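Please read the points below with the model open beside them.

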Amino acid sequence: MTLFYYGSSGDLNTNRIRLGTGFSLTEAAEAGVLAMSRVGVDDPAGNLNIVGHHSFRATETACSWPTLFRGYFADRTIKRAESMLTGAARRWDCTVYDINAALQFEVIRGTSAQRPAETDTERLEWLLGSGFLGPISSDDGAIFGADEELDKQDYRGMTAADVLSDCGQASGCNYFVAWDETVGAPIIHYYLPTRAFNSSTLRISNVLGDVDGLTVFAPDKDAELLRDPSLVYSGVLYQYGDRASAFVYETNPTVLAAIGHKRETTHADPSLSSAAKATRKATVWLSESEDETDVISVVLHKVPTSQVNLIRAGQRIEVKFTHLPGYEAYTWMRVQRRTVAQDGDTQEYYALTLQLSNPKQGGSGVRHKPGRHPDGTVTTDGSSITLTQREMLNRFDGFALDPLSDIQYGNPVTKRIGSWVYHNLPYTTTGCPIGAGGWSGIAEYEGWYEFTTGALADNVIGVRFTIDPANPTFIYGNAEDQPYFYGWRAAQPTDVGQYVPVGTVDWVSAGAVVDLPRSAIQEGGTSYFCLAPGWRAAAEAFFCAQDLADGTAGPAGSLSSGGEGNSGNLRMPTVTATYLIMSGSSGLSPWTPGDGAIDGVNRTFTLTGWDGTGAPQVKINGLVADGTDYEYSDTALTVTLRVAPQEGDQVTFRYQAGT
């Protein structure tokens with residue numbers, strides 16, 4: 001036996017992963033793209049514990065390069081399976097990420113992350129010595145910078161993936177992470193795809209006389225070439241800086257002659273500060289867009305154990321296909337993706353599914369936006385938004401004003417926020433010495449404020465609410481010691497609990513300032529801000545009448561005592577609001593909710609106002625999520641969580657907001 005698997009609990013044993021169908025493992029080498037795979041692990045004794053984010057590896061020791069796959073466990077589904085039907089027997093169906101995930105493991109910090117204008121070579125030298133690479137080695141044996149000039153950049157709060165994205169866009173170099181047997185650790189690869197480096201010793205040919213099954217392998221008959229012209233352009237209007245009027249225009253006469261007419265586009269990079277730098281970058285961009293993208297998909301069968309790892313993601317390999325134009329003779333291509341699986345129910349052979357690309361400048365159709373700019377300044381605009389208090393909604397009395405008047409406290413029109421135990425009804429069989437008792441009604445009172453806006457300026461990123469301290473004369477029961485939720489709704493509420501929760505605040509004695517995102521504002525219409533109790537009174541709890549401070553007014557009605565059954569309430573505070581304005585260049589938003597339901601099913605949230613740069617941050621119930629707990633799209637402007645948040649969870653995001 002030469003095939004071994006290792007997980008968070010050590011050696012998984014070969015018989016836990018079934019022959020032929022137990023795994024299909026994919027690794028990528030395309031601008032840091034993350035590859036995902038599935039592994040099935042049998043657990044007949046029910047004694048296995050597979051932990052998320054722990055490493056997973058498979059090795060084939062019959063090969064001179066033993067590493068078959070390296071990556072990390074993600075989500076796991078545990079269930080019954082064939083022959084796993086009794087007792088504690090179970091099966092783990094696991095998602096695993098390839099080793100590129102490590103590029104987003106650690107957040108960059110410290111003043112050294114404020115990089116000056118420098119070349120990509122210098123910036124990568126800093127990255128390797130920064131100490132923010134997580135498990136990635138600082139070995140530079142696979143990094144070949146292009147000495148392309150980069151503008152200054154602030155990488156605090158970002159990751160190695162953002163640094164490499166900036167460098168790769170400027171230089172046209174491809175980048176990825178791969179395990180290195182010599183170093184004994186994962187290392188970063190960064191170089192032009194055309195560079196004569198990292199070459200496989202094997203070949204692929206569909207000429208039968210070339211094939212020997214050891215150094216030259218035959219492709220399957222379904223091998224195909226996809227030739228894509230979508231990224232070919234004859235000219236580009238390249239914007240730079242923060243003004244739409246700052247741009248350069250560059251053309252590629254070779255493309256113009258080849259296609260016979262103009263095909264142009266626009267591209268923007270606000271991080272560039274001069275026309276000269278924009279011209280350089282536009283030239284690289286056009287060079288990358290000069291040729292059509294060729295992608296060949298091919299499967300190699302009956303690859304022996306001794307040869308299986310001699311073709312790896314990121315390597316270049318010579319291929320010959322007599323039926324594919326341009327590849328009739330041996331031609332170098334780069335392996336963008338490699339998927340390895342067993343070829344049949346045997347450990348003797350493997351099948352390799354390969355995605356090969358022509359090694360043109362830039363190497364990939366994946367395009368990232370530049371890293372974030374220096375933070376702008378978040379201020380308020382100085383003018384107040386008119387807020388109107390809505391009628392109090394409560395769960396017990398059908399959305400009316402508080403039915404219990406405050407005449408005994410000298411304030412008959414007070415509207416309340418809180419959770420209220422009342423209705424002390426006669427109940428003579430309870431054994432209460434004075435012959436009466438009561439039940440709580442779980443009355444829950446929320447404070448709602450409405451405001452109307454016109455069209456919003458582009459630099460408005462949210463709204464700031466200032467909550468005055470509560471009047472101590474009207475604080476009853478537990479209200480002073482409890483947290484309060486705040487949130488918003490774009491439509492008029494019809495029940496309690498319909499707001500989108502943003503956070504909690506202990507504002508009673510000192511007041512508070514809270515921010516809501518631009519997505520909370522119904523532009524050109526009416527929006528709603530909510531303050532709600534962060535607790536509830538006891539449900540159907542009996543209270544002996546002699547223990548209640550205020551008789552039929554209920555325990556929460558006591559100023560000097562009370563608070564029974566976790567009750568308490570207070571008078572609605574005065575709240576004022578102003579717009580949040582992003583001034584200067586773009587910067588990081590406050591922690592704000594995304595657009596998407598929190599219902600235990602939905603996992604995808606749209607980030608209103610995100611300019612697509614950098615990596616968004618996610619906070620779930622007050623804890624910042626690890627970068628492997630979510631994925632994001634800088635084109636759809638969405639974040640997709642690995643696990644759907646449950647109803648009542650608080651999910652907020654922080655991201656780059658453009659002006």
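1. Two strands are taken to pair if DSSP finds at least two bridges between them, and helices (H or I, at least four residues) and strands (E, at least two) are DSSP runs, numbered from the N terminus. On that basis strand β17 (residues 235-240) is joined to β19 by 6 bridges, the two running parallel, and Gln239 stands opposite Ala268 in β19.

2. A word on the source: this is a predicted model, in which local features need pLDDT of at least 70 and side-chain atom pairs count only at pLDDT 80 or more, whereas totals for chains, interfaces and linings use all residues. Residues are numbered from 1 along each chain as its sequence is written, and side-chain values use heavy atoms, with hydrogens and water left out.

3. The open sheet of 3 strands has the order β18-β17-β19 with mixed pairing, and its edge strands, β18 (247-251) and β19 (264-269), each pair on one side only. Helix α4 (residues 275-288) lies across β17, β18 and β19 and runs at about 145° to β17, where axes are lines fitted to C-alpha atoms, for helices over the stretch in contact (heavy atoms within 4.5 Å), and angles run from 0 to 180 degrees between N-to-C directions.

4. Elsewhere, strand β14 (residues 199-205) pairs in the parallel sense with strand β21 (residues 316-320) over 4 bridges, and Arg203 stands opposite Glu318 in β21. With strand β15 (residues 216-217), β14 also pairs in the parallel sense, over 2 bridges, and there Ile204 has Phe217 as its bridge partner.

5. The structure holds 15 aromatic pairs, counted where rings of Phe, Tyr and Trp (its six-membered ring) have centres within 6.5 Å, with planes under 30 degrees apart called stacked, over 60 edge-to-face and the rest tilted. Phe465 and Phe529 form a stacked pair, 3.9 Å centre to centre with 5° between the planes. Because Phe465 lies in strand β30 (residues 460-467) and Phe529 in strand β35 (residues 526-533), the pair ties together parts that are 64 residues apart in sequence.
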